[in-house]
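Please consult the sequence and the model alongside the text.

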Amino acid sequence: MSVLLCDSNCELWYTRARELGLEVIRMPYTIDNEEYYYDLGEKTDFKDFYDRVRKGSVPITSALNPENYKEILEPYFAKGEDVLYISFSHAMSGTFNQLNTALRELKEKYPERKCTIFNTNSISLGAGIQVEQAALLKQQGASDEEIIAFLNDFTNKVAVYFVVDDLMHLKRGGRLSATAAFAGTLLGLKPMLTFNAKGGLDVIAKISGKKKAIRTLADKVINELSDTDKPVYIVDADCPADGDMLESLVKEKRPEAKIVRQIVGPVIGAHCGPGTMGVIFAAEKRPIALLPQEE
């Protein structure tokens, strides 16, 4: 018997996580010297978080340590349960080095127990849509091996596109060079980003102006959505009016799309900043960057 585990960087809403029977690792963030653990929106004050960022507060994220992971995993092992952990992209955080340390120590105490980790090579609902589909399969009685086989295929069909409003958030997090961020800010450019097959960020387009960026995101869904049985997630970092416009544009051309709206959580928001917009959906294949990438 295994427990299906995910982390709050998948950003599934807390009520959906409960419906799916998920166990969730809460990932930390700090703002104004106060540390929080993201609870998938259950008690999070999103307005306060984004208001603080707009006023100049600089949130940071951090890795869990091996002791944190042991506290999370050992109770399952002690009960004789294995764990299937569907995680956010390992390329985005050093926290998985800490997890590996914890697992090596736990293996000595529970040699018969197993923790299988599937790397979604994505984050936010790019990981969340994979967690959701895995949980639905588990509810139908699928084995861990069957779930992993499904995910190995499905992960290559998850399309994630997002556009940030302020390039300096990406620059501060090391996701964009200082030169590119400064030049883009002067020119009013907004990079459209996606996750590559290795779980890193690629710039897929550079767009002038917010309205054009929203239309471009809508066009991605309209032209590339291939599986309408799965949700189309439209996410925004405290800019719901932009989300309304994006949703309207998608519905106009793809009325069959099952749109789910959601706000970007503080951990992801710490890196992308307020005003970010994104879409996540099932396509024929994961997007491929056509632009040269920033060093």
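At 4% relative accessibility, Phe-154 counts as buried, a class that means under 20% relative accessible area, with exposed over 50% and partly exposed in between (1.4 Å probe, protein chains only). Phe-150, at 24%, is therefore partly exposed. The model is predicted: local features need pLDDT of at least 70 and side-chain atom pairs pLDDT 80 or more, while totals for chains, interfaces and linings use all residues. Residues are numbered from 1 along each chain as its sequence is written, and side-chain values use heavy atoms, without hydrogens and water.

Phe-150 and Phe-154 are four residues apart in helix α6 (residues 144–154), so about one helical turn separates them. Helices (H or I, at least four residues) and strands (E, at least two) are DSSP runs numbered from the N terminus.

The structure holds 11 aromatic pairs. Rings of Phe, Tyr and Trp (its six-membered ring) pair if their centres lie within 6.5 Å; planes under 30 degrees apart are stacked, over 60 edge-to-face and the rest tilted. The rings of Phe-88 and Phe-96 have centres 5.0 Å apart and planes at 55 degrees, so this pair is tilted; both residues are buried. For Phe-150 and Phe-154, the centres are 5.2 Å apart and the planes at 20 degrees, so the pair is stacked. Ring pairs also link Trp-13, Tyr-14, Tyr-38 and Phe-46 into a cluster.

Phe-96 is one of the buried residues of α4, which include Leu-99, Leu-103 and Leu-106. On the other side of α4, Asn-97, Arg-104 and Glu-108 are exposed.
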